[in-house]
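I set down what I looked up, in the order in which I looked.

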Amino acid sequence: MNFTEYFYSLVKQIPKGKVSTYGALARALGDIRASRAVGRMLNQNPYAPIVPCHRVVMSDGSLGGFGTGIEKKIKLLKKEGVKVSGNDILDFEKALFTDFMSDFPLKKMRNEQKRLRKSVRLEDGFDDIETVGGVDVAYSHKGFGGLVVYDYKSFDINKRVSVKDEIDMPYIPTYLAFRELPLIEKLLKKYKQGPSVLLIDGNGVLHPYGMGIASHVGVKLDIPTIGVAKKLLCGEQKDDKILPGEYSEVEYEGNLVGYAYRSSPRTKKPIYISPGHMVSFETSLEVIKNFCKYKLPEPIRSAHKLATEARNSA
DNA sequence: GCGACAG
DNA sequence: ATCTTGTCGC
């Protein structure tokens with residue numbers, strides 16, 4: 001059973017006449033960070049009302065939303081014996097169910113991150129860089145992955161590969177790799193050779209557990225990787241003001257985890273560069289600098305375009 | 001309302 | 001990430 005199906009099985013545990021909350025379901029999945037993903041999955045619930053998404057309300061006892069209109073939610077709850085007044089559940093404490101029976105899948109994923117972290121290497125695992133690839137994923141109902149490989153000497157495009165696959169995991173902050181790794185693996189399998197270095201949309205060691213998607217992919221597929229993110233996930237940027245072409249260190253819990261790099265004079269917002277695996281901090285910065293014609297490095301821009309085109313023509 | 005957490 | 005018209009600035 002995939003993650004989303006497992007989630008629906010948890011929702012089915014909420015008894016008739018009771019309600020639960022987005023946060024309680026997120027905790028049952030294993031991390032409160034999943035609460036927004038809970039909302040999204042409930043919004044997509046294809047099994048309503050068998051999977052009783054109408055029994056999920058806000059943690060302050062207010063009703064929250066409902067896809068087919070809040071009146072419908074109130075009607076279903078009242079029919080089940082839950083008292084509703086205005087926009088609130090009456091006797092919320094009494095009606096609240098939080099005693100889920102769960103395997104806490106996100107805790108298992110977190111443990112895997114902690115285990116994989118021990119294998120991350122932050123030294124260059126190569127002599128020369130011959131090729132640099134970029135990957136990105138676009139979504140509709142399915143996921144569409146794009147990989148574009150550049151020659152590092154000539155900056156010519158060497159190869160483009162795109163794939164399509166089912167996505168069974170929602171986006172949950174700090175668990176991105178579990179959503180996108182299968183597609184990235186499929187891309188590299190189709191490409192066969194494997195670039196000298198792979199650029200990935202997201203972070204490397206710039207992550208609360210040191211295992212952002214770039215590090216995760218690097219360790220699992222045993223390839224050098226660099227993470228490039230558009231927003232800061234965690235940690236602090238040493239200098240707030242950065243001039244075009246310059247950078248500032250990003251620290252997390254007192255350690256260097258990456259750089260905020262002002263890649264273009266046109267944007268004030270920097271990109272966040274962090275080594276993933278088998279690449280040093282210095283090399284990470286250097287490779288990205290060499291590829292930044294615009295805000296994002298060319299391999300990622302091209303991969304983004306390829307993935308988006310693959311989705312739009314499907 | 002603020003802060004805000006990659007894609 | 002996705003939903004989406006026009007608008008601003010170099």
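Which residues of helix H3 (residues 35-44) are buried? I found Ala 37, Val 38, Met 41 and Leu 42. I took buried as under 20% relative accessible area, exposed as over 50% and partly exposed as in between, with a 1.4 Å probe and protein chains only. Helices (H or I, at least four residues) and strands (E, at least two) are DSSP runs, numbered from the N terminus.

I noted the conventions before going on. This is a predicted model, in which local features need pLDDT of at least 70 and side-chain atom pairs count only at pLDDT 80 or more, while totals for chains, interfaces and linings use all residues. Residues are numbered from 1 along each chain as its sequence is written, chains are lettered from A and ligands numbered from 1 in the order in which they are written, and side-chain values use heavy atoms, with hydrogens and water left out.

**Helix H3**

I returned to the buried residues of H3, namely Ala 37, Val 38, Met 41 and Leu 42. Seen down the axis of H3, they fall within an arc of 140°, so they line one face of the helix; the arc is that of the directions from the helix axis to the C-beta atoms. On the other side of H3, I found Arg 36, Asn 43 and Gln 44 exposed. I then looked up what the buried residues pack against: helix H1 (3-11), helix H2 (22-29) and strand E2 (56-57). Contact here means heavy atoms within 4.5 Å.

**Strand E8**

I next examined strand E8 (residues 197-201), where 5 of 5 residues are buried. Val 197, Leu 199 and Asp 201 lie on one side, and Leu 198 and Ile 200 on the other. In a regular strand the side chains alternate between the two faces of the sheet. E8 runs parallel to strand E5 (residues 131-139), joined by 4 bridges, and parallel to strand E9 (residues 225-229), also through 4 bridges. Two strands pair if DSSP finds at least two bridges between them.

**DNA strand B**

I counted a residue as near a strand if one of its heavy atoms lies within 4 Å of it. Of the 19 residues around DNA strand B, Tyr 171, Pro 173, Asn 203, Lys 230 and Leu 233 come nearest. The side chain of Arg 36 has an N or O atom 3.1 Å from a base oxygen. Backbone atoms also take part: one N or O atom of Leu 176 is 3.3 Å from a base nitrogen, and a polar one of Ile 213 is 3.1 Å from a base nitrogen.

**DNA strand C**

Around DNA strand C I listed Ala 138, Tyr 139, Lys 230, Arg 266, His 304 and Arg 311. Of its atoms within 4 Å of the protein, 88% belong to sugar or phosphate. A phosphate oxygen lies 3.4 Å from a backbone N or O atom of Tyr 139, and a phosphate oxygen lies 3.2 Å from a polar side-chain atom of Lys 230. E5 and helix H10 (298-312) are the elements that give two or more residues to this surface.

Note on methods
A polar contact is a pair of N or O atoms within 3.5 Å; within protein, one must be able to donate a hydrogen and the other to accept it, and residues adjacent in sequence count only if both atoms are side-chain atoms.
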